[in-house]
Amino acid sequence: MGDLARYWNLDPEIDFLNHGSFGACPRPVLEAQSELRARMERQPVQFLARELEGLFDDARAALAQFVDADPEDLAFVPNATSGVNTVIRSLEPQPGDELLTTDHAYNACRNALRWHERRGVKVVVAAVPWPIAGPGQVIDAVLGAVTPRTRLALLDHVTSPTGLVFPVEEMVRRLDERGIDTIVDGAHAPGMLPLSVRRIGAAYFTGNCHKWLCAPKGAAFLHVRRDRQDRIRPLVISHGANSPRTDRPRFRLEFDWTGTDDPTPFLCVPHALRFLGSLLSGGWAELMGRNHALAVSGRKHLCDALRVPPPAPEQMIGSLASIPLPDAKGDPPGPTSGVVLWHPLQRALLEKHRIEGPVMLFPAWPRQLIRISAQAYNSEDQFARLAAALRTELQLA
Ligand SMILES: Cc1ncc(COP(=O)(O)O)c(C=O)c1O
């Protein structure tokens with residue numbers, strides 16, 4: 001592990017190369033969360049009924065500045081899956097309408113689109129090449145799947161199985177020109193990439209704070225463009241629906257209270273922003289650049305070991321990188337996509353080599369991939385160890 005690992009509670013016996021799945025929260029942020037929880041439990045009514053609204057405003061302001069958005073257009077949601085579901089379940093597509101996504105989309109969120117199939121809505125899945133030569137291939141694949149019935153597109157900012165940075169700004173603009181709204185699933189974007197939600201301009205953008213921002217688990221946001229806010233309701237209808245208050249918009253009142261819950265993950269977002277931003281003298285920009293450089297060099301270790309060319313140009317990856325596994329050639333393409341939580345190779349890596357790194361399934365050939373994550377606590381020697389372990393397990397030595 002790298003020097004900065006001292007701030008995390010990660011098991012020092014394990015090379016943890018899977019920040020991407022669930023994030024990992026550093027100790028100073030967890031300590032801030034404990035203090036907030038202690039304050040809440042000392043006087044729950046004071047905290048939840050009287051102070052929370054102002055605390056949410058402060059946390060939202062810090063987040064808005066970081067992701068370049070107007071705080072008025074941000075709502076806290078517990079995770080990106082909820083953010084995507086909030087939008088999809090608020091909309092009422094008609095039979096025959098088409099909802100567009102790609103075969104790199106996160107399985108859970110594609111399932112959310114499919115929920116509308118029961119009323120005769122069609123989910124169209126554009127095939128984006130993998131390996132891929134450049135962002136133009138993503139744009140061609142997505143625009144090539146648009147028809148006059150396309151109503152909404154769900155596009156990932158950073159794809160889960162393949163770790164690709166999609167050119168979302170251009171895709172949103174080109175879809176917008178055709179009258180199609182986009183939900184950007186930016187689960188991995190905040191803290192991995194310099195982000196301007198405003199410039200991307202999507203009708204809907206959701207992002208996690210518990211992944212690359214390292215907030216406690218259960219912190220994410222949904223940004224809804226002002227002109228779409230009257231269509232979007234939270235997954236849970238609560239007091240805000242008939243509140244007589246006029247000092248705040250309905251969007252704010254509805255999303256800020258969806259029943260009693262622990263709000264401390266959201267309230268820790270400013271702490272996480274400050275702490276991660278203080279790790280290196282160059283702040284967040286240096287951290288993101290360092291993580292990207294580490295993902296690139298880690299990917300090179302793996303590509304050399306597996307004797308495969310890099311499957312995507314460097315500018316299409318952030319701090320996640322996927323590499324096709326050579327033993328996938330015989331596998332037929334299949335519909336499944338997503339993390340395989342206990343793949344035999346993943347199990348061997350953990351049990352024999354003490355390395356945590358996900359083996360993913362992708363619907364088209366090459367079907368099996370290994371995905372690496374590079375976060376502040378990682379170091380290059382960990383990726384060299386993974387490369388050596390893969391050569392042993394795949395009998396490439
Ligand atoms: C692209 C994408 N969307 C959504 C998610 C789901 O995130 P969460 O479990 O925080 O909802 C992930 C998780 O890895 C993801 O990669």
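Predicted model: local features only at pLDDT ≥ 70, side-chain atom pairs only at ≥ 80, totals over all residues.
Which polar side-chain atom lies 2.8 Å from an oxygen atom of the ligand? It belongs to histidine 188.

## Ligand surroundings

There are 13 residues around the ligand. Thr81, Asp185, His188, His210 and Lys211 come nearest.

Threonine 81 has a side-chain N or O atom 2.5 Å from an oxygen atom of the ligand. For histidine 188, the distance from a polar side-chain atom to a ligand oxygen is 2.8 Å. For asparagine 208, a side-chain N or O atom is 3.0 Å from an oxygen atom of the ligand.

## The sheet

Seven strands build an open sheet. Their order is β2-β8-β7-β6-β5-β3-β4, and the pairing is mixed. β2 (74-77) and β4 (122-126) are the edge strands, each pairing on one side only. On average, neighbouring strands of this sheet are turned by 20° against each other, direction ignored.

Strand β6 covers residues 181-186 and strand β7 residues 204-208. The two pair in the parallel sense over four bridges. Valine 184 stands opposite phenylalanine 205 in β7.

Helix α5, residues 107-114, lies across β3 (98-102), β4, β5 and β6. The helix runs at about 170° to β3.

## Threonine 159

Threonine 159 sits in the loop that joins β5 (150-156) to α7 (168-177). Is this residue buried or exposed? Its relative accessibility is 0%, so threonine 159 counts as buried.

The threonine 159 side chain reaches the backbone nitrogen of leucine 164 at 2.8 Å. Leaving aside residues up to four places away in sequence, threonine 159 touches His104, Leu164, Phe166 and Leu320.

## Salt bridges around arginine 245

The salt bridge count comes to 30. Arginine 245 takes part in a salt bridge with glutamate 53, with the closest N and O atoms 2.9 Å apart. Why does this pair tie together parts that are 192 residues apart in sequence? Because arginine 245 lies in the loop between β8 (220-224) and α9 (250-256), while glutamate 53 lies in helix α3 (residues 44-67).

Both partners are partly exposed: arginine 245 has a relative accessible area of 34%, and glutamate 53 has a relative accessibility of 28%. Arginine 245 also forms a salt bridge with aspartate 247, where the closest N and O atoms are 2.8 Å apart. Aspartate 247 has a relative accessible area of 54%, so this residue is exposed.

Lysine 300 and aspartate 304 meet through their side chains in a salt bridge, at 2.9 Å from N to O. The two residues are four apart in helix α12 (residues 283-306), so about one helical turn separates them. Lysine 300 counts as exposed at 52% relative accessibility.

Conventions: Residues numbered from 1 in each chain as written. Heavy atoms only, no water. Buried < 20%, exposed > 50% of the residue type's maximum accessible area, 1.4 Å probe, protein only. Polar contact = N/O pair within 3.5 Å; in protein donor to acceptor, adjacent residues only side chain to side chain. Contact = heavy atoms within 4.5 Å. Pairing = 2+ DSSP bridges. Axes fitted to C-alpha atoms, helices over the stretch in contact; angles between N-to-C directions. Salt bridge = Lys/Arg side-chain N within 4 Å of Asp/Glu carboxyl O. Near = heavy atom within 4 Å.
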